[in-house]
Amino acid sequence: MSILKLEGISKTFGKGTGMVTALDGINLSIDKGSFTTIIGRSGSGKSTLLNIAGGLLIPDKGQVILEDIDLYVRKDKELARIRRKKIGIVFQAFNLIPEFTVLENICLPSYLDQSKPNMKFIDEVLEIIEMGDKKNKYPHELSGGEQQRAALARALSVKPDLLLADEPTGNLDIKSGEQVIDALQYCYRIFNQTTLLVTHNLEIAGQSNRVITLQDGKIVSDSVGEMI
Ligand SMILES: Nc1ncnc2c1ncn2[C@@H]1O[C@H](COP(=O)(O)OP(=O)(O)OP(=O)(O)O)[C@@H](O)[C@H]1O
């Protein structure tokens with residue numbers, strides 16, 4: 001069953017001779033409970049695609065349907081609410097709030113939504129990603145890999161329908177990067193978390209159950225395999 005559909009998505013940046021076509025007529029359907037990786041050279045449109053899928057960037061053309069919701073016909077305030085409730089995003093830069101502890105950072109999406117954080121679920125996530133003993137630390141007291149795992153727990157805290165991760169290992173050394181990917185995969189397996197991951201790392205891509213390759217803003221291959 002499809003949870004996310006991108007239909008005829010195009011996006012350009014700039015004007016005239018400086019115009020860049022970042023995405024060119026993308027059609028894509030993501031199944032509930034799948035782990036999909038998007039690969040492609042630098043500049044092929046991966047982040048643009050993820051940002052559009054995540055309700056963060058308005059496409060020039062096309063529709064993004066999350067479950068039955070057409071994201072970009074919604075007013076800004078409603079789109080922000082849908083995003084907070086239904087989409088978790090992990091960025092390359094961890095984007096934690098330095099003045100808040102790990103737990104406060106994780107609870108933030110719920111507080112912004114004026115709802116009570118699901119502490120039982122948050123504790124379960126923290127245990128799975130081996131961050132249970134770090135919840136009262138501040139971001140500056142953590143390694144890069146731990147900060148990224150805290151950002152992952154924050155993204156998962158509202159049990160999002162869709163988890164998006166844009167080069168989550170890009171700022172990390174190999175070992176920390178592997179731990180973050182392991183954490184993503186555990187959460188996929190244990191919570192059946194629908195995940196869409198952008199990476200340059202072909203080894204990581206090979207472990208997902210679908211790999212989509214972008215080139216010059218177009219999908220040039222889409223292969224389905226077994227999740228390792
Ligand atoms: N805000 C922007 N303003 C102007 N051009 C942009 C902007 N964002 C992206 N682009 C351009 O759109 C194209 C696609 O960029 P995008 O960041 O989606 O690629 P990417 O595949 O994620 O690259 P990377 O792997 O280097 O992160 C590139 O040519 C990029 O320069």
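Tutor: Let us begin with a pair of strands: in β8, Leu196 is the bridge partner of Leu164. Helices (H or I, at least four residues) and strands (E, at least two) are DSSP runs, numbered from the N terminus. The model is a predicted one, in which local features need pLDDT of at least 70, side-chain atom pairs count only at pLDDT 80 or more, and totals for chains, interfaces and linings use all residues. Residues are numbered from 1 along each chain as its sequence is written.

Student: How many bridges join β7 to β8?

Tutor: Two strands pair if DSSP finds at least two bridges between them. Here 4 bridges connect β7 (residues 162-166) with β8, and the two run parallel. The chain passes from β7 through helix α6 (residues 174-191) to β8 in a right-handed β-α-β crossover. Right-handed means that, with the strands pointing away from the viewer, the path from the first strand over the helix to the second runs clockwise.

Student: Which way do the residues of β8 point, and are they buried or exposed?

Tutor: A residue is buried if 20 or more other C-beta atoms lie within 10 Å of its own, exposed if 12 or fewer, and partly exposed in between, with C-beta atoms placed from the backbone. In β8 (residues 195-198), Thr195 and Leu197 point one way, Leu196 and Val198 the other, and all are buried.

Student: How is burial read along a helix such as α6?

Tutor: An α-helix has 3.6 residues a turn, so residues three or four places apart point the same way. In α6, the buried residues are Gly177, Val180, Ile181, Ala183, Leu184, Cys187 and Tyr188. Seen down the axis of α6, they fall within an arc of 150°, so they line one face of the helix; the arc is that of the directions from the helix axis to the C-beta atoms. On the other side, Ile174, Lys175, Arg189 and Ile190 are exposed.

Student: Which elements supply the shell around the ligand?

Tutor: A residue is near a molecule if its C-beta atom, placed from the backbone, lies within 6 Å of it. Both β2 (20-31) and α1 (46-53) supply at least two residues of the shell, and α1 gives the most, with 3 residues. Among the surrounding residues are Phe13, Val20, Lys46 and Thr48.
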